[in-house]
Amino acid sequence: MQKALLDDSQPNGIGPGSHDEASYALGYSKHELRRLALQGAFIRNLTEDFLRRAGLARGMQVLDLGSGVGDVSLIAGQLVGPSGAVLGVDRSIEAIETAEKRVTEAGQCHWVRFAAAELDDFDPDKKFDAIIGRLILMYLPDPATTLRRLADHLRPGGILAFQEMAMPSVRSVPDGSEFRRCRRWILETFERGGFEVDMGPKLHTAFLEAGLSAPQMIAAGRVEAGPQSFVYEYVAETLRSLLPLMERLGIASAEEVQPDTLADRLRAEATGNSACIMPPPLVGAWTRLEVPLNEK
């Protein structure tokens, strides 16, 4: 099975994706690829803990859906080790190329591979021990249908594990006008763009609608404060990536956002108020497939 998974031939449905905000609000710019890597480092521990709880272990064959620049695939690769294998799939060829470069430069996890595919059409011709994803179901029009289809590619006892945000839970205590504007801009852009801003708490329903067993769930998040925190850049760079869609929707202009100075403005406001900032918590849900869905 490992040889088949790591074969150089492409799985069914592989092909270039159309790069537009209709499917991914943050776009596919070089800046966004860098932002994804920074975000991955920021929340790495939360995802690693989640995947361990979900049951990823040595020797497993893993599919990472919507792998982006490879952060979750690399975490999974370290958990499954060289006796296992990970296939990361993303619709962005640029993201896949970045992920492959990161694996090469790291000089480790050579058992992690990537492929470009339209996620709605991706239909692998192999079975996996685990199918995972982070911040991907929120962008899909019908997460339950996607989960049900993916479950057909799990071995009996296989793990389905996804981690999503509870974006409305982001807060600053005490609140500040600069932070409040950023929160409103981000939530409104995602919502008006047609994306699910509260996918984390909705994972339970999505799993059940997919015909899966009720998942185990956990929520975790960072709590940030002080001038050295990365949270200010995190918010500012997210808005920089969202800006083209924000302007198209008439939510805010570059002149209003002023992304080049936004992180410093957020930092000054938070430190001046001795504020504690809580980015959106990540909600993880996982279950095991005891009986293939097509046999129920």
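## The loop at Gln258

Gln258 sits in the loop between helix 10 (254-257) and helix 11 (259-272); helices here are DSSP runs of H or I with at least four residues, strands are E runs with at least two, and both are numbered from the N terminus. Phi of Gln258 is near 45°, a positive value in a residue other than glycine. Gln258 is partly exposed, at 44% relative accessible area (buried is under 20%, exposed over 50%, partly exposed in between, with a 1.4 Å probe and protein chains only).

This is a predicted model, so local features need pLDDT of at least 70 and side-chain atom pairs count only at pLDDT 80 or more, while totals for chains, interfaces and linings use all residues. Residues are numbered from 1 along each chain as its sequence is written, and side-chain values use heavy atoms, leaving out hydrogens and water.

Look for Leu135 in the loop between strand 4 (128-134) and helix 6 (143-151). With 13% relative accessibility, Leu135 counts as buried.

Val173 and Pro174 are joined by a cis peptide bond, with omega about -5°. Pro174 belongs to the loop between strand 6 (171-173) and helix 7 (177-192).

## Helix 7 against helix 9

Helix 7 packs with helix 9 (residues 231-249) at about 50°, their axes 10 Å apart. Axes are lines fitted to C-alpha atoms, for helices over the stretch in contact, and angles run from 0 to 180 degrees between N-to-C directions.

Among the residues that meet are Trp185 and Phe190 in helix 7, and Leu242 and Met246 in helix 9 (contact means heavy atoms within 4.5 Å).
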